[in-house]
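Thank you all for making time this morning.

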Amino acid sequence: METFTTRKGKTGIIIDKFRFKKDKEHKQSISWRCTNYQCKSRCTTDVQLSEVLSFPTAHNHEPEDDRTIQRHQVRGAVKRKAEESVHERPLKIACTEVQCYDSLDFNDAKCYASRYTVQGKK
Ligand SMILES: [Zn+2]
């Protein structure tokens, strides 16, 4: 299952190009809701995020394009790695991540890195 990190640092999942954020956590499952606040689509996964238990109900909007989704994934990955390896320059981390995706380029990397440059120097 593909995951991404939300702006608030929480885990989200991606199913069929739709993004979901955590709604409720149960003992055996997690329920998710579409990140589009006007959309009522929901789905359920197991707590390990390895299996979709109930697939998303209908959305009332189009899925996001690949580029948008990739940007979210890269943003999450850069954030994670920038926090883990404080000695590595954020720009270098961002460049490495961006190279994994055809639709992203160096300008995207600079954009991601700029969020962490200041933070890394405290
Ligand atoms: Zn939706």
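**Overall layout**

What you see here is a predicted model, and the protein in it has three helices and six strands. If you follow the chain from the N terminus, the elements run β-β-β-β-β-β-α-α-α. The C-alpha trace spans about 40 × 30 × 25 Å along its principal axes, and of the 122 residues, 37% count as buried. Among contacts between residues at least 6 apart in sequence, 35% join residues at least 24 apart.

Over residues 5-61 the chain is 0% helix and 49% strand, with the end C-alpha atoms 22 Å apart.

Separately from that record, the protein is divided into domain 1, covering 2-54, and domain 2, covering 66-118. The C-alpha centres of domain 1 and domain 2 lie 23 Å apart, and the contact takes eight residues from domain 1 and eight residues from domain 2. Between them the two domains bury about 770 Å², of which 52% is on carbon and sulfur atoms. On the side of domain 1, T5, K17 and R19 supply 52% of the area buried against domain 2, more than any other three residues.

How many salt bridges does the rule find across this interface? There is one between domain 1 and domain 2. K17 also forms a salt bridge with D66, in which the closest N and O atoms are 2.9 Å apart.

**A buried aspartate**

Let me turn to D108, which has its place in helix 3, residues 106-117. Is D108 buried or exposed? D108 is buried, because its relative accessible area is 6%, and buried here means under 20%. Leaving aside neighbours within four places in sequence, D108 is in contact with R67, R71, V98 and S103.

**The cysteines**

Finally, a word on cysteines, since a disulfide is a covalent bond between the sulfur atoms of two cysteines. A search of the whole structure finds zero disulfides. C34, for its part, is buried, with a relative accessible area of 1%.

Methods
Residues are numbered from 1 along each chain as its sequence is written. This is a predicted model: local features need pLDDT of at least 70, side-chain atom pairs count only at pLDDT 80 or more; totals for chains, interfaces and linings use all residues. Side-chain values use heavy atoms; hydrogens and water are left out. Helices (H or I, at least four residues) and strands (E, at least two) are DSSP runs, numbered from the N terminus. A disulfide is a pair of cysteine sulfur atoms within 2.5 Å. Buried means under 20% relative accessible area, exposed over 50%, partly exposed in between (1.4 Å probe, protein chains only). Domain bounds come from an automatic or database domain assignment. Contact means heavy atoms within 4.5 Å. Buried area is the accessible area (1.4 Å probe) that two parts lose on being put together, summed over both. A salt bridge is a side-chain nitrogen of Lys or Arg within 4 Å of a carboxyl oxygen of Asp or Glu.
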